[in-house]
Amino acid sequence: MAVNRVPVLKRCRSLGLDPIYLGINKKSTRELRRANRKMSEYGLQLREKQKAKFIYGVLEKPFRTYYERATKMAGLPGENLLTLLELRLDNVIFRLGFARTRREARQIVDHKHVLVNGKTVNIPSYLVKAGDTIEIKEKCKTSQRYKDILDATSGRMVPEWLDANADALSGAIKELPTRDIIDCPVEEMLIVELYSK
């Protein structure tokens with residue numbers, strides 16, 4: 001299995017991304033030194049694609065599959081792409097506040113701690129649907145890990161398309177997210193332009 005082992009703060013610096021979008025409160029004190037070069041149109045498009053891949057922890061091949069699926073859906077392909085990425089199970093666990101970062105959420109799903117509609121799901125890329133209920137398994141709820149996570153994520157805002165119950169470590173998908181409520185700092189139209197070449 002391919003794993004992205006790039007240092008997170010270094011990658012954030014190179015993409016011009018605030019680490020808070022990844023659930024990381026650290027700030028890098030270093031500055032990215034670039035000569036006064038103007039970035040080409042292709043460079044801007046590529047950077048937006050890399051930003052989206054990095055935020056959601058998706059590698060190139062699955063990302064292209066998401067894009068192809070987004071073009072077949074009704075509506076704008078860029079908005080559909082972000083909606084599909086938001087509906088990944090690891091992202092939903094992160095958004096509900098049951099993990100500090102998306103990487104940790106991915107690990108929680110991999111370790112079979114998550115129930116979707118009462119069934120164990122251990123696929124981080126599993127796409128949830130409106131009306132699905134998600135919860136942490138009963139035997140895991142009492143572990144110290146989740147107490148620490150809830151302490152760390154207590155101040156985080158849960159998006160309006162999700163309904164979270166932190167005490168019961170459960171949540172539900174109220175509706176599919178739209179672009180205006182997805183707080184991802186990505187220009188999705190540049191990704192569409194890149195793939196449509």
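**Close-up views of a predicted chain**

The buried residues of helix α9 are covered by elements that include α2 (41-56), α3 (60-72) and α4 (77-86). The model is predicted: local features need pLDDT of at least 70, side-chain atom pairs count only at pLDDT 80 or more, and totals for chains, interfaces and linings use all residues. Residues are numbered from 1 along each chain as its sequence is written, and side-chain values use heavy atoms, with hydrogens and water left out.

**View 1. The buried side of helix α9.** Helix α9 covers residues 188-195, and Glu188, Ile191, Val192, Leu194 and Tyr195 are buried in it. These residues span an arc of only 160 degrees around the axis, which puts them on the same side of α9. The arc is that of the directions from the helix axis to the C-beta atoms. Buried means under 20% relative accessible area, exposed over 50%, and partly exposed in between (1.4 Å probe, protein chains only). Helices (H or I, at least four residues) and strands (E, at least two) are DSSP runs, numbered from the N terminus.

View 2. Glu48 belongs to helix α2. Its relative accessible area is 7%, so Glu48 is buried. The side chain of Glu48 reaches the backbone nitrogen of Glu187 at 2.8 Å. A polar contact is a pair of N or O atoms within 3.5 Å; within protein, one must be able to donate a hydrogen and the other to accept it, and residues adjacent in sequence count only if both atoms are side-chain atoms. Apart from neighbours within four places in sequence, Glu48 is in contact with Pro185, Val186, Glu187, Leu190 and Ile191. Contact means heavy atoms within 4.5 Å. Ile191 is also among the buried residues of α9.

**View 3. Pro77 in helix α4.** Pro77 lies in α4. Its relative accessibility is 23%, so Pro77 counts as partly exposed. Which residues does Pro77 contact, leaving aside its neighbours within four places in sequence? They are Tyr67, Ala70, Thr71 and Val192. Val192 is one of the buried residues of α9. Leu9 is 68 residues from Pro77 in sequence and 30 Å from Pro77 in space, C-alpha to C-alpha.

**View 4. Helix α1 and the residue that follows.** In α1 (residues 8-15), the buried residues are Val8, Cys12 and Leu15. Down the axis of α1, they fall within an arc of 70 degrees, so they line one face of the helix. They pack against α2 and α6 (102-110). Gly16 follows α1, and its phi is positive, near 65 degrees.

View 5. How many disulfides does the count give? The count is 0. Cys12 is in no disulfide; the nearest cysteine sulfur, that of Cys184, is 12 Å away. A disulfide is a pair of cysteine sulfur atoms within 2.5 Å. Cys12 is buried, with a relative accessible area of 2%. Cys184 counts as buried at 7% relative accessibility.

**View 6. Thr153 in helix α8.** Thr153 is placed in α8 (residues 144-153). Its relative accessibility is 6%, so Thr153 counts as buried. Not counting residues up to four places away in sequence, Thr153 touches Gly97, Ala99 and Arg100.

**View 7. Positive phi in two loops.** Lys112 sits in the loop between α6 and β1 (114-116). Its phi is near 60 degrees, a positive value in a residue other than glycine. Lys112 is partly exposed, with a relative accessible area of 43%. Asn117 is found in the loop between β1 and β2 (119-120). It is not a glycine, yet its phi is positive, about 55 degrees. At 42% relative accessibility, Asn117 counts as partly exposed.

**View 8. The whole chain, for context.** The chain has 9 helices and 5 strands. From the N terminus, the elements run α-α-α-α-α-α-β-β-β-α-α-β-β-α. Of the 197 residues, 42% count as buried. The C-alpha trace spans about 55 × 45 × 35 Å along its principal axes. Among contacts between residues at least 6 apart in sequence, 61% join residues at least 24 apart.
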